[in-house]
Each structure stands twice: as C-alpha cells, then as structure tokens.
Amino acid sequence: LIDRPDLRAWRRPHAANPALYEYRGFGEHPDVSAVDVLLSQVDIEYRKKWDAYVIQLDLEKKEGDTETLYWSVKYPFPMASRDYVFQRRVVVDEAQQRLLVVGRACAMDTRPEVKKMVRVVDYHAVLLITSTSGDLHAPGMRYELLYFDDPRGSIPSAVLNWATRTLVPAMHTQVAKAAREYAGQTTWAD
C-alpha cells in the first residue's frame, strides 16, 4: 500500500475473518528518540493536544502496568466516528533498546456504546519501537506496527485504500512532529 524509504505499509486478510484486513507497517525517524515517540503516544493529556482525531481519551483504570482506556476517534467523511475501550500495556527493554506497546479491545460496563459512534469491539495493536542509535533517549528510531480492528460496517475497498494511503503517511509525519515537540518536556522517570 505504501512503499517509501521512511515508511512501508501493507495489509493481508485477517486469519479469523478474511473479509477484513490486518495491517503491518514499518517507519523510521532519524531525528527523534524512541522514548519521545513512545511518550508522545502514551501521554494521554499530550495526545489530546496533538492528535486532531481524538474526540475523547480517558484513563478508566490502572492495575499494575495495564491501563484501561476509553478513546473516541474522529473518522474522515463518509465514515462514522469510532470509539474503543481497550487495555494497553507498555514494556520497556533497555538492554535490547526496545519499547513495546500492546493494546487489545475489552469490555467495560461503565462505558456503554454511544449513539452516533461505532463501538470497535475487535481490535488489537502491537507497536515495537527500537533505537537505531543504540540509546533509547538519543535521536534515531524505527517502529513496526501490527494493527487490526473490525470497523463493524461496510466500508468500500476504495475508501479503505484512500484512507491508508493518505492518513497513514500523515500520521507518520504527525507522530514525529509531536515527538520533537515533546522532547525534554518530561523525564523517563515521570
């Protein structure tokens, strides 16, 4: 779907439902650190500031290193906006210079479905961020993303292809910009 030096993405039919697709992408940013990319993704208040697609993003509960979040997302016309209730876990492997973010949809009674939103109930994502410089805090990182969600609706293939070819590169650029602006705002211990 996308084949550029800094970004590659493709899709394959989902194993459990071949009518749907699972997406895989690789990206690279030589001028931002792995830590700043991670923190700009998982800092809820900061994500609300830089991500124009966020309607609402709330931490519902935290148990150990697992967070349960509610996230409503503005989808481009003609698609309806979506909302997610999901669990997220971040794993830091400093020895291997890797950061891992795993998310999976879950149910939560305190967040019933919202009218005019499509609740995504089948979702998973795995984001692996690695340092290319040998230091998670120094500029130079790449990522690999494996992503699936069931949009619960009939979205024409042409619309999906357009969204992937347009929105994925835009988000790739926006994430790097957010990480650059986030750099130095907090420390790793925060």
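## Salt bridges

A network of salt bridges links E45, K48, D58, E60 and R111; a salt bridge here is a side-chain nitrogen of Lys or Arg within 4 Å of a carboxyl oxygen of Asp or Glu. The model is predicted: local features need pLDDT of at least 70, side-chain atom pairs count only at pLDDT 80 or more, and totals for chains, interfaces and linings use all residues. Residues are numbered from 1 along each chain as its sequence is written, and side-chain values use heavy atoms, with hydrogens and water left out. By the salt-bridge rule the count comes to 18.

R88 and E67 pair through their side chains at 2.8 Å, N to O. R88 lies in strand β6 and E67 in strand β5 (residues 66-73), so this pair ties together parts that are 21 residues apart in sequence. Strands (E, at least two residues) and helices (H or I, at least four) are DSSP runs numbered from the N terminus. R88 is buried, with a relative accessible area of 10%, and E67 is buried at 15%. Buried means under 20% relative accessible area, exposed over 50%, and partly exposed in between, with a 1.4 Å probe and protein chains only.

R98 forms a salt bridge with D93, with 3.2 Å between the closest N and O atoms.

## Q97 in its loop

Q97 sits in the loop between β6 (82-93) and β7 (98-105). Because its relative accessibility is 16%, Q97 counts as buried.

Polar atoms of the Q97 side chain lie 2.6 Å from the backbone oxygen of E94 and 2.7 Å from the backbone nitrogen of L136. Leaving aside residues up to four places away in sequence, Q97 touches I129, T130, S131, G134, D135 and L136, where contact means heavy atoms within 4.5 Å.

## Helix α3

Helix α3 (residues 157-182) has 26 residues. From first C-alpha to last, α3 reaches 36 Å, close to the expected 38 Å, a span defined as 1.5 Å times one less than the number of residues.

The buried residues of α3 are V159, N161, A163, T164, P169, H172, V175, A176, A178, A179 and Y182. Their cover includes the strands β1 (2-3), β2 (7-13), β3 (21-33) and β10 (139-149), and the helices α1 (34-42) and α2 (44-50).

Key: A polar contact is a pair of N or O atoms within 3.5 Å; within protein, one must be able to donate a hydrogen and the other to accept it, and residues adjacent in sequence count only if both atoms are side-chain atoms.
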